[in-house]
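The sequence and structure come first.

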Amino acid sequence: MESTTPTAPGTPGGTEVRVVLVDDHAMFRAGVRAELGALGPGLVHVVAEAADVDEAVTAIARHRPDVVLLDVHLPGGGGVEVMSRLQGSVTRAADAPGPRFLALSVSDAAEDVIGTIRGGARGYVTKTITGPELVEAIRRVAEGDAVFSPRLAGFVLDAFAGSIQVTAVDEDLDRLTEREREVMRLIARGYAYKEVARELFISIKTVETHMSSVLRKLQLSSRHQLTKWASDRRLL
Amino acid sequence: MTTADILPPSPDAWPQPRRAARDSEHPVLGGVASGLAQHLALPVLWVRVAFVAATALGGLGVAMYAAMWLFLPSDARFETAAPGLEGATRTGKRPGPVSRLTDVGPAIALGALALGLVLAFQAFVGAGGFLWPLVLAGVGVALLWRQADEAQRERWLDTTGRMGPLRAIFGTGTWASYLRMVAGACLVAGAITAFVLSNADQSLTWDVALTAVLGILGLGVVLGPWVLRLASDLGAERAERIRTQERADVAAHLHDSVLQTLALIQKNAQDGATVARLARAQERELRSWLYVGESTGPETTFGAVREAAARVEDEHGVSVDVVTVGEDPALTEVLRPLVHASREAMVNAAKHAGTDRVDVYAEAGPDAVELFVRDRGAGFDLAAVPGDRLGVRASIVDRMERHGGTASVRSSPREGTEVRLRMPVEED
């Protein structure tokens, strides 16, 4: 095995994704680390681990990873607390983009899934996921995509239809457009992004655009947050 | 010993008396009217109108409202979530509820209404020495009660720490809670002072006696709600403890079953397929108990689909991922063929597709229930299937069409197969 020689940055196929692993079960952390390591060097590198909210915030601030693998149930307030604390410090730092969050949880309860996505996670996978699938999900999140499993897409559809009672779903949650609904339904039926694109005669990029607007609609609950979102991106 | 007699009866099995509670979700003043409306199954507007009408009868409505605020428990305590979620909440591993600016419209309207009533009363009856002190005292007491509500709610949400007397009163001590306390106390004290001052021309002894009596009364009114609530909290805590013990029993039972499975897995460590099957079945049982709370019984359509999926998982060693969207419809004669057809499709996918994963998506809309069974397996050429092979045609397509639904199969080699089922439902 050669020493870690990072390939040229900017080529998404070649760069190693730096990951901080947050989970309160040491056994599980060890398992994930071993599994990610076994899949070969140069793909995913676990730079740090953390067991609770405070440790996670410190570790992420120090190591500045690309992706944070985040457990949802965490001592000190849960994964959402980690994201909200870091979002505060990131807006203060302003220049560097924050890490992307991928939730990795044993729970697949609707409140947890939707709550975590609304807290700012780009994806949500359950712990039964296989190693290669996990690496794929990490890379997708690192490149800015959202990771939607069929189940997650189902929850999203339900949340927007109002049949899931999520504690913080507001009345002024934007509605999904017909197209976004179609995309989510196909994802819920087990289609991959490229199959969705083929089925609807649109490009994969368009599918990803629909995805990220669904994410945005989920995360922004009020006009106040919408204004903040827009001004953060210098759109106002 | 069978598993059936270890399992304690679920709390739902006992008939629960219907108890009125104040609505903590949409309270305007104390949630009395909306709670009562839910209890009596009446529109909330009627109840409010009844209260207002009763107020005309010498203030009876106000007295009733106040009494019910005092005596009715808040309904927040009856909420229960799945044990896994409650456990995570109790140990502080989940985010707390998000505080939002509540709608202040109703409060302003109520305030205006009260002011109008006071002014009207003054216009007709004339300003007495009593009126303003009474109004002040009323507002003060309402504020104090409101704070008692808030503190009570926080006591219920936070079960981790011990409650000091200060926290019992102030809750977690937000500025709003202190403001309410101080304003309430000031208003009550002000009312007493105003009342005493307005009667200053009478003899001194009278004043002293009155002040003392009023002070005691005020104290009683202020402390009364807390004493009462403390007593009712104790009862509720006992109920909670019983519930926790019941859960612990069920958890013990599940741990037993998990341990059994693990033992079996150790014995069968060489047989990968058996291990996977055992682990999958155990995971499904535990997960549905801990997190999902959705039915797997045969009473509802989604429940029946999930049951069918579980059977296919166990019998064919594939994992079947069921995603359902919409309100779970009851399993009527109309929908039964849909469930049968979906089971057939799942079995086909498990047997012939050659993959270990099947996706099932069911969506209940207002006019139809749609169901998709998809695999990513070998796929086949529909046209090449000989006419005497009845599997798909008879048990899926024909079955659906006989019962007024539609079914189509899309398959292409290497890309897998998707069976699409649709059964229209009529609103009756």
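How many residues of chain A are in contact with chain B, and how many of chain B with chain A? In this predicted model, 35 residues of chain A are in contact with 31 residues of chain B.

## The interface between chain A and chain B

About 2700 Å² is buried between chain A and chain B, and carbon and sulfur atoms give 44% of that area. On the side of chain A, the residues that lose the most area to chain B are A:His73, A:Arg151 and A:Arg189, which together account for 22% of what that side buries. As background, the accessible area lost when the parts come together is often used to give the size of an interface.

Polar contacts between chain A and chain B number 13 residue pairs, counting pairs with both residues at pLDDT 80 or more. Four elements of chain A, namely α4, α6, α7 and α8, each give two or more residues to the side that touches chain B. Of these, α6(A) gives the most, with five residues. Sorted by class, this side of chain A has twelve nonpolar, ten polar and 13 charged residues.

## Salt bridges across the interface

Over all chains the structure holds 23 salt bridges, and nine are found across the interface of chain A and chain B. One of them pairs B:Glu363 with A:Arg181, with 2.8 Å from N to O.

Another salt bridge is formed by the side chains of B:Glu418 and A:Arg189, also listed at 2.8 Å from N to O. The pair joins two chains, because B:Glu418 lies in strand β5 of chain B and A:Arg189 in the loop between α7 and α8 of chain A. Are these two residues buried or exposed? Both B:Glu418 and A:Arg189 are buried.

A:Glu199 forms a salt bridge with B:Arg420, where the closest N and O atoms are 3.4 Å apart. This pair also crosses between chains, from helix α8 of chain A, which holds A:Glu199, to strand β5 of chain B, which holds B:Arg420. A:Glu199 has 23% relative accessibility and therefore counts as partly exposed.

B:Glu418 sits in strand β5 of chain B, which runs over residues 416-424. Why does B:Glu418 count as buried? Its relative accessibility is 1%, and buried means under 20%.

Within chain B, the side chain of B:Glu418 makes a polar contact with the side chain of B:Arg420 at 3.0 Å. Leaving aside neighbours within four places in sequence, B:Glu418 is in contact with A:Arg189 and A:Tyr191 from chain A, and with B:Phe372, B:Val373, B:Arg374, B:Ser408, B:Val409 and B:Arg410 from chain B.

A:Glu182 and A:Arg179 form a salt bridge inside chain A, their closest N and O atoms being 3.4 Å apart. Both residues lie in helix α7 of chain A, three residues apart, which is about one turn of the helix. In general, an α-helix has 3.6 residues a turn, so residues three or four places apart point the same way. A:Glu182 counts as partly exposed at 29% relative accessibility, and A:Arg179 is partly exposed with a relative accessible area of 29%.

Not counting residues up to four places away in sequence, A:Met184 touches A:Phe148, A:Ala153, A:Val156, A:Leu157, A:Leu176, A:Met211 and A:Val214.

Helix α4(A) is largely enclosed by the rest of the structure, because eight of its ten residues are buried. The buried residues include A:Asp112 and A:Arg118 as well as A:Val113, A:Ile114 and A:Ile117. Just after α4(A), A:Gly120 takes a positive phi of about 125°.

Definitions and conventions
Residues numbered from 1 in each chain as written. Chains lettered and ligands numbered in written order. Predicted model: local features only at pLDDT ≥ 70, side-chain atom pairs only at ≥ 80, totals over all residues. Heavy atoms only, no water. Contact = heavy atoms within 4.5 Å. Buried < 20%, exposed > 50% of the residue type's maximum accessible area, 1.4 Å probe, protein only. Buried area = accessible area lost by both parts, 1.4 Å probe. Salt bridge = Lys/Arg side-chain N within 4 Å of Asp/Glu carboxyl O. Polar contact = N/O pair within 3.5 Å; in protein donor to acceptor, adjacent residues only side chain to side chain. Nonpolar A, V, L, I, M, F, W, Y, C, P; charged D, E, K, R; others polar.
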